[in-house]
Amino acid sequence: MADIIEFLEARIAEDEAAAVELAAAEAAAAELEAAGAAAAAAELEARRGGGGPGPGPGGQGQPVVRTGLEVSPFTAARVLAECAAKRKILANVPLVTDIPSQMGGTSEYVLMCLASVYGWHPEYQEGWAVTG
């Protein structure tokens, strides 16, 4: 079981590193978007002659409000949260009741399920495959 735990710890570390890079890219993109939006608003205001807000969506004079519902499930924050959850599972593997199953003990089965998403990795061992 130590091999699969080491394998998972390494993959989680790789996922975390990628998520940190993604978070930095997301932050940079947000800054660029904000700078671009501010510049566009200033340009629009200048074209209107400084007369205040014009018609917004539907001509009501209201600005567009972002609700946060536009968030992708594939964000750095979600990946980092998933990595933290996986680390909690790994830290508590001995606490999982080992109920015998067709795949072995419950702890082993949980680890095999976690490892299955990395089946493409060259260090993945075929003995960890979960069927059904």
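The structure holds 4 aromatic pairs, where rings of Phe, Tyr and Trp (its six-membered ring) pair if their centres lie within 6.5 Å, with planes under 30 degrees apart counted as stacked, over 60 as edge-to-face and the rest as tilted. Tyr124 is buried at a relative accessible area of 12%, and Trp128 is buried at 9%. Through ring pairs, Phe7, Tyr118, Tyr124 and Trp128 are linked into a cluster.

The model is predicted: local features require a pLDDT of at least 70 and side-chain atom pairs count only at pLDDT 80 or more, whereas totals for chains, interfaces and linings use all residues. Residues are numbered from 1 along each chain as its sequence is written, and side-chain values use heavy atoms, with hydrogens and water left out.

Helices (H or I, at least four residues) and strands (E, at least two) are DSSP runs, numbered from the N terminus. Of the 132 residues, 18% count as buried. The chain exposes about 9,000 Å², of which carbon and sulfur atoms supply 62%, as computed by the Shrake-Rupley method with a 1.4 Å probe. Among contacts (heavy atoms within 4.5 Å) between residues at least 6 apart in sequence, 65% join residues at least 24 apart.

In soluble globular proteins, nonpolar side chains tend to be buried together. The largest nonpolar core here has 15 residues, and those with the most contacts inside it are Ile4, Phe7, Leu8, Leu111, Ala115 and Trp128. Helices α1, α2 (76-91) and α3 (106-116) are the elements that give two or more residues to this core, and α1 gives the most, with 5 residues. Such a core is a set of buried Ala, Val, Leu, Ile, Met, Phe, Trp, Tyr and Cys residues joined through side-chain atoms within 4.5 Å.

Leaving aside neighbours within four places in sequence, Phe7 is in contact with Ala115, Tyr118, His121, Glu123, Tyr124 and Trp128. Arg11, placed in helix α1 (residues 2-48), is in contact with Tyr118, His121 and Glu123 when neighbours within four places are likewise set aside. Arg11 is buried, with a relative accessible area of 3%. The charged end of Arg11 sits over the ring of Phe7, 4.8 Å from the ring centre; this assignment requires NZ of Lys or CZ of Arg within 6 Å of the ring centre and within 35 degrees of the ring normal.

With regard to cysteines, the structure holds 0 disulfides, a disulfide being a pair of cysteine sulfur atoms within 2.5 Å. Cys83 counts as buried, at 2% relative accessibility, whereas Cys113 counts as partly exposed, at 30%.

Terms used:
Buried means under 20% relative accessible area, exposed over 50%, partly exposed in between (1.4 Å probe, protein chains only).
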